Amino acid sequence: KAQYELLSLVKGVTLDGGITVSRAIEQDSKLEARLNETIRGAEVLKSEFTADHGCVVTLRLPKTRLERMMGVRLQ
């Protein structure tokens, strides 16, 4: 779930050309594969169980790593 939420967040980011990551993925299927790989490699900083038996996970994905793995520049 945490990776899905991170992916949703990243898809809304604007690239240098003024388009969103989501729009760029529509045009380049290889970009989507690189993005998925990058998201799966996000570092788990913390995971805590809550009183209602849920779990809160904190992921870390450096912007520079995201740019390098995707081969794009983010604004």
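Student: Where is Thr38 found?
Tutor: Happy to start there; this is a predicted model, in which local features need pLDDT of at least 70, side-chain atom pairs count only at pLDDT 80 or more, and totals for chains, interfaces and linings use all residues. Residues are numbered from 1 along each chain as its sequence is written, and side-chain values use heavy atoms, leaving out hydrogens and water. Helices are DSSP runs of H or I with at least four residues, strands are E runs with at least two, and both are numbered from the N terminus. Thr38 is found in helix 3 (residues 29-40).

Student: Is Thr38 buried or exposed?
Tutor: Buried means under 20% relative accessible area, exposed over 50%, and partly exposed in between, with a 1.4 Å probe and protein chains only. Thr38 has 0% relative accessibility, so Thr38 counts as buried.

Student: Which residues does Ile39 touch, not counting those up to four places away in sequence?
Tutor: Contact here means heavy atoms within 4.5 Å. With that sequence exclusion, Ile39 touches Gln3, Leu6, Leu7, Val10 and Leu61.

Student: Why are the buried residues of helix 1 on the same side?
Tutor: The buried residues of helix 1 are Leu6, Leu7 and Val10. The arc is taken from the directions from the helix axis to the C-beta atoms. They lie on the same side of helix 1 because they cover an arc of only 100 degrees around the axis.

Student: Which exposed residues does the face of helix 1 turned away from its buried side carry?
Tutor: What covers the buried residues includes helix 2, helix 3, strand 2 (55-60) and helix 4. The face turned away from the buried side of helix 1 carries the exposed residues Tyr4 and Leu9.
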